[in-house]
Amino acid sequence: MKTALITGASSGIGKATARIFAEEGFNLILCGRRQQKLEELQQELQNKCAVHLLNFDVRNKEEVFSNIKSLPLKMANIDILINNAGNAHGLDPIQDGNIEDWDAMIDINVKGLLYISKAIIPKMIERSTGHIINIGSTAGKEVYPNGNVYCASKHAVDAITQGMRLDLNGKGIRIGAINPGMVETEFSEVRFKGDKEKAKKVYEGFKALQPEDIAEIIRFVVTRPSHVNIADLLVMCTSQASSTIVDKK
Ligand code: NDP
Ligand code: 8X3
């Protein structure tokens, strides 16, 4: 049975992916900072599959490496890594940008993804098998007004995914990215620092993607035969044509 590690499993896309993977019977390693949310999910899924929780901040490299090292033998061989933890912080013109927001986005979305990957890739190389899916964004393919640093962080994810695919070629490891457009999760609540009203408005007047839509795509990607690597997927809801063109009624 495959073992999958999902970062950012306490909410949104990561949580929906955990639920879908549980249906597949995968052993799950669920990561996040909010222990209670992780425990609730473990409670929900543990009759379908083995669930191990890891509570750490992806910004903290010591915690990343010690948590991955702490995995019980049964969970130590990770077949699937879903690099999903991340968020936008703020939506401001570059001249008004908050430096703490910039640090958060670069440290979580870019450096956090690198730390996790660095901790997991060596064993994949050793076993000549593995599958890494980086969750990018339409923001990694185009830049939208006030999205500056978030877009930069997701462009970096795009570049890192391509770099991983080049450097790990021949090592039996599949590397791909899934780049969603607007998905209705806690994403905008985090971006707008807990302002639920402002966050809700982002998804008003059209049917945004739901986290389950992305999770189903991830299921498809990881269940292809081992010679098939889905390298890069761009997924938007029908109402969205680009980061700035959304048909809102
Ligand atoms: P959510 O806010 O619902 O989920 C984000 C997840 O990331 C949470 O589980 C959170 O867990 C985890 N996380 C955030 N910061 C950290 C950290 N420092 N250390 C560890 N875990 C962290 O958002 P989404 O599900 O929408 O986002 C998931 C991914 O999808 C992100 O990479 C995002 O950029 C990307 N994305 C989202 C889109 C959208 O429109 N929603 C569109 C395109 C891409 P906890 O707080 O418990 O640590
Ligand atoms: C999240 C989607 O459009 O807010 O990556 O950048 S968007």
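## Confidence of the model

Averaged over the chain, the pLDDT is 98, and 100% of the residues score at least 70. The structure is a predicted model, and for the complex the predictor gives an ipTM of 0.99 together with a pTM of 0.99.

## Surroundings of the two ligands

Around ligand 1 there are 30 residues, of which G8, G12, R33, G86 and F187 come nearest. Sorted by class, this shell holds twelve nonpolar, twelve polar and six charged residues. Two helices, α1 (12-24) and α6 (187-191), each supply at least two residues of the shell around ligand 1, and α1 gives the most, with three residues.

## The nonpolar core and L30

The largest nonpolar core has 60 residues, and within this core L28, L30 and C31 touch the most other members. Helix α4 gives the most to this core, with eight residues. In soluble globular proteins, nonpolar side chains tend to be buried together.

Leaving aside residues up to four places away in sequence, L30 touches I6, A9, A18, L38, L41, Q42, V51 and L53.

A4 lies in strand β1, which covers residues 3-6, and A4 counts as buried because 26 C-beta neighbours are found inside 10 Å, where 20 or more are required. Beyond the residues up to four places away in sequence, A4 touches F21, F26, L28, D79, I80 and I82. A4 and F26 are 22 residues apart in sequence, and their C-alpha atoms are 6.6 Å apart in space.

N83 belongs to strand β4 (residues 80-83), and N83 is likewise buried, because 28 other C-beta atoms lie within 10 Å. Its contacts, again not counting residues up to four places away in sequence, are T7, L113, I116, S117, I132, I133, N134 and I135. From N83 to N109, 26 residues away in sequence, the distance is 9.2 Å, C-alpha to C-alpha.

## Helix α5 and its cover

Helix α5 spans residues 148-167, and its 20 residues reach 28 Å from the first C-alpha to the last, close to the 28 Å expected at 1.5 Å a residue. The buried residues in α5 are V149, Y150, C151, S153, K154, V157, T161 and M164. The elements that cover the buried residues of α5 include helix α4 (99-127) and the strands β5 (130-135) and β6 (173-180).

Most residues other than glycine have a negative phi. S128, although not a glycine, has a positive phi of about 55 degrees. This residue lies in the loop between α4 and β5, and S128 counts as exposed because there are 10 C-beta neighbours inside 10 Å, with 12 or fewer setting that class.

N146 is also not a glycine and has a positive phi, here about 70 degrees. N146 is found in the loop between β5 and α5, and N146 is classed as partly exposed because 15 other C-beta atoms lie within 10 Å.

Q46 is found in the loop between α2 (35-45) and β3 (51-55), and with 13 C-beta neighbours inside 10 Å, Q46 counts as partly exposed. Q46 and N27 are 19 residues apart in sequence, while their C-alpha atoms are 9.7 Å apart in space.

A241 is located in the segment after β7 (232-235), and A241 counts as exposed, with 11 C-beta neighbours inside 10 Å. The C-alpha atoms of A241 and G181 are separated by 9.2 Å, although the two residues are 60 residues apart along the chain.

Technical notes: Residues are numbered from 1 along each chain as its sequence is written. Chains are lettered from A and ligands numbered from 1 in the order in which they are written. This is a predicted model: local features need pLDDT of at least 70, side-chain atom pairs count only at pLDDT 80 or more; totals for chains, interfaces and linings use all residues. A residue is near a molecule or strand if its C-beta atom, placed from the backbone, lies within 6 Å of it. Helices (H or I, at least four residues) and strands (E, at least two) are DSSP runs, numbered from the N terminus. Ala, Val, Leu, Ile, Met, Phe, Trp, Tyr, Cys and Pro count as nonpolar, Asp, Glu, Lys and Arg as charged, and the others, Gly among them, as polar. The expected span of a helix is 1.5 Å times one less than its number of residues. Two residues are in contact if their C-beta atoms, placed from the backbone, lie within 7 Å. A nonpolar core is a set of buried Ala, Val, Leu, Ile, Met, Phe, Trp, Tyr and Cys residues joined through C-beta atoms within 7 Å. pLDDT is the predictor's confidence in each residue, from 0 to 100.
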